[in-house]
Amino acid sequence: MKVELLKENMELIDKLKEMPVLHAFGKRDIGKLFSFSNVKRYAAGETIIEEGSYDNWIYFLVGGSVRIIKNGKEIDELRRTGDIFGEMCVIDGNPRSASIQAVGNVTCLATDVSFMDSLYNEDKVAFCSIFYQMIAEVLACRLRETSSELARHKEEIQKLKSIINSNQKGA
């Protein structure tokens, strides 16, 4: 049993190291990040983050998928290894803007980022710059996706308005 658990943990660590989002970190920084992290597993339907709550945790999706729920409605789903969630509360200190719920069995690397306050001088500057660059890249990608989606929806709305206007003229 111990051998199986060790093998599973080694496979998990290898999978974590291969996440593209963590490639900017050197071995020392990855070790630091892992030392302030826990592997957490969630069952289908389990809430990982509750909208409106406060904490200092950021999550890296290792396996499974999660749904993002805002005001009781699903707005998106994350399913790629390395997807990050929980970063907004950590960045701006505001309450959680959405709930996160496990779709099936989910494995995450959960990191308490308050540890960055305990880093000293050069370590803090170097680590924080890499960390926030990683977050900025994730947010830039999400903003691009949201902008594309917004443009599609505006186009659909314009088409529907045209249909309504033509139907009203014909009536």
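R67 is partly exposed at 22% relative accessibility. Cut-offs for these classes: buried is under 20% relative accessible area, exposed is over 50%, and partly exposed lies in between (1.4 Å probe, protein chains only). This is a predicted model, in which local features need pLDDT of at least 70 and side-chain atom pairs count only at pLDDT 80 or more, while totals for chains, interfaces and linings use all residues. Residues are numbered from 1 along each chain as its sequence is written, and side-chain values use heavy atoms, with hydrogens and water left out. The side chain of R67 meets that of E74 in a salt bridge, 3.2 Å from N to O. A salt bridge here is a side-chain nitrogen of Lys or Arg within 4 Å of a carboxyl oxygen of Asp or Glu. E74 is partly exposed too, at 45%. The structure holds seven salt bridges.

**A salt bridge between E87 and R142.** The closest N and O atoms of E87 and R142 are 2.5 Å apart. E87 sits in helix α3 (residues 87-92) and R142 in helix α4 (residues 121-170), so the pair ties together parts 55 residues apart in sequence. Helices (H or I, at least four residues) and strands (E, at least two) are DSSP runs, numbered from the N terminus. E87 is buried, with 3% relative accessibility. R142 is partly exposed, at 25%.

E155 is partly exposed, with a relative accessibility of 49%. K159 is exposed, at 51%.

**The largest nonpolar core, with 21 residues****.** A nonpolar core is a set of buried Ala, Val, Leu, Ile, Met, Phe, Trp, Tyr and Cys residues joined through side-chain atoms within 4.5 Å. L22, F25, F60, F131 and M134 have the most contacts inside this one. Elements giving two or more residues to the core are α2 (27-35), β3 (57-63) and α4. Helix α4 supplies the largest share, seven residues. Take F25: its contacts, leaving aside neighbours within four places in sequence, are I30, F127, I130, F131 and M134. Contact means heavy atoms within 4.5 Å. Another core lies apart from the largest one. This other core has 16 residues, among them W57, L61, I68 and L78.

**T111 in strand β8.** T111 belongs to strand β8 (residues 106-112). T111 is buried, with a relative accessible area of 0%. Its side chain makes a polar contact with the side chain of S37, at 2.6 Å. A polar contact is a pair of N or O atoms within 3.5 Å; within protein, one must be able to donate a hydrogen and the other to accept it, and residues adjacent in sequence count only if both atoms are side-chain atoms. Not counting residues up to four places away in sequence, T111 touches L33, F36, S37, N56, W57, I58 and F60.

**Y59 and F85, the one aromatic pair of the structure****.** The rings of Y59 and F85 are stacked, 5.1 Å centre to centre, with 5° between the planes. The pair links distant parts of the chain: Y59 in strand β3 and F85 in strand β6 (residues 84-85), 26 residues apart. Rings of Phe, Tyr and Trp (its six-membered ring) pair if their centres lie within 6.5 Å; planes under 30 degrees apart count as stacked, over 60 as edge-to-face and the rest as tilted. Y59 is buried, at 4% relative accessibility. F85 is buried as well, at 2%.

**N71 in the loop between β4 and β5****.** Phi of N71 is near 50°, a positive value in a residue other than glycine. N71 is exposed, with a relative accessible area of 62%.

**Cysteines C89 and C108.** C89 is buried, with a relative accessible area of 6%. C108 is buried at 0%. A disulfide is a pair of cysteine sulfur atoms within 2.5 Å. By this rule the structure has zero disulfides.
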